[in-house]
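Please keep the sequence and the structure in view while working through the points.

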Amino acid sequence: MLVGAGPGDPGLLTLKALRALNEADVILHDRLVSAEVLALARRDAECIAVGKRPGEDHDATQARIHALMREQARAGRRVVRLKGGDAFIFGRGGEELEYLRAHGVDYEVVPGITAALACAAYAGIPLTHRDHAQTLQLVTAHCRGEEDGLDWAGLARSRQTVAFYMGVGQLEALAARLIAHGRAPDTPFALVENGSRPGQRVIGGPLSQLAALARQHGVAAPALLIVGEVAGLASQLAWFGTATQHTAPQAEARAA
């Protein structure tokens, strides 16, 4: 069973996901699945961490995950492949199902709340808003190999919201490309770190200062980047975690 675990808050698990955890013999979980979610599994379930780490050969790791799913299922065990967020949104869930189908392994899919929805909601950011955004785009900053293929002119259009997954290591390049293709330098952004978890932080400011503000505040993965006019509403509508931080890099430099 391919199950989306959501972004971290165990209260965001679906009832079907919770039932799957209670019935599983073995749980193959990603690195970012929270300990609080894993604590809801059946006590005698075997939990195996299979998540990828920076610097690893991700294709080789994925091949091992495929083989482990098949081996455990053919051994007659009830297997849950537990993935952060939703398995079908930048989670390689489609590849895993293709492998299972090719090897004659039956499966079910339980959707999860993807990071863009949860991080935005917990930061007080409406992803769409009649006054600010009629379009939402979800984008991964990690493309296969050296491929990009993104429509940067389309991503840079105003009056839309763009949510970038897995982009912490490429913030300077992301901002530069958006601005180069026409997005205004003063477009608001929000970086939501550890979204929906107790340590959630939201860093906000103008797009032109994205990389500098992230460095100043020591932003680290997991973090979701939201770009668009709606990101500016975080300081007004926030309800969870620490208040949105907007310290200007120039002010920090003068203080030093």
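1. The model under discussion is a predicted one. The points that follow should be read with that in mind.

2. Is I27 buried or exposed? Its relative accessible area is 0%, and because buried means under 20%, I27 counts as buried.

3. The surroundings of I27 can be listed. Leaving aside residues up to four places away in sequence, I27 touches L21, L38, A41, A45, E46, C47, I48, V80 and L82. For one of these residues, A41, the separation from I27 is 14 residues in sequence and 8.4 Å in space, taken from C-alpha to C-alpha.

4. The next topic is charge. Side chains of opposite charge can pair when their charged atoms come close. In this model the count of salt bridges comes to 12. Three of them are described in the next points.

5. R78 and D25 form a salt bridge through their side chains, at 3.4 Å from N to O. R78 is in the loop between α3 (58-74) and β4 (79-83), while D25 is in the loop between α1 (15-23) and β2, so this pair ties together parts that are 53 residues apart in sequence. R78 is partly exposed, with a relative accessibility of 47%, whereas D25 is buried at 16%. Both residues also belong to a network of salt bridges that links D25, R42, D44 and R78.

6. A salt bridge also joins the side chains of R81 and D30, with an N to O distance of 2.9 Å. R81 sits in strand β4 and D30 in the loop between β2 and α2 (35-38); the pair therefore ties together parts that are 51 residues apart in sequence. R81 and D30 are both buried.

7. Which residue forms a salt bridge with R183? The partner is E229, and the closest N and O atoms are 3.1 Å apart. E229 lies in the loop between β10 (223-227) and α9 (234-237), and R183 in the loop between α7 (171-180) and β8 (188-193), so the bridge connects parts 46 residues apart in sequence. E229 is partly exposed, with a relative accessible area of 25%, and R183 is buried, with 2%.

8. The second largest pocket has a volume of about 400 Å³. Its lining is made up of 21 residues, and M1, L2, R78, V79 and V80 lie nearest its centre. At least two lining residues come from each of α1, α3, β4 and α4 (93-102), and α1 gives the most, with four. By type, the lining holds 12 nonpolar, no polar and nine charged residues.

9. The final topic is the nonpolar interior. In soluble globular proteins, nonpolar side chains tend to be buried together. The largest nonpolar core here has 22 residues, and F164, L178, L191, L210 and L225 have the most contacts inside it. Each of α6 (152-155), β7 (161-165), α7, β8, α8 (210-217) and β10 supplies at least two residues of this core. The largest share, four residues, comes from α7.

10. Not counting residues up to four places away in sequence, L191 touches L171, R201, V202, I203, L210, A214, V219, A223, L224 and L225. A second, separate core has 18 residues, including A116, C119, A133 and A190.

Note on methods. Residues numbered from 1 in each chain as written. Predicted model: local features only at pLDDT ≥ 70, side-chain atom pairs only at ≥ 80, totals over all residues. Heavy atoms only, no water. Buried < 20%, exposed > 50% of the residue type's maximum accessible area, 1.4 Å probe, protein only. Contact = heavy atoms within 4.5 Å. Salt bridge = Lys/Arg side-chain N within 4 Å of Asp/Glu carboxyl O. 1 Å grid on protein atoms, 1.4 Å probe; cavity = no way out; pocket = protein on both sides within 12 Å on 5 of 7 lines; lining within 4 Å. Points joined across faces, edges and corners; volume = space filled by probe spheres on them. Nonpolar A, V, L, I, M, F, W, Y, C, P; charged D, E, K, R; others polar. Core = buried A, V, L, I, M, F, W, Y, C linked by side-chain atoms within 4.5 Å.
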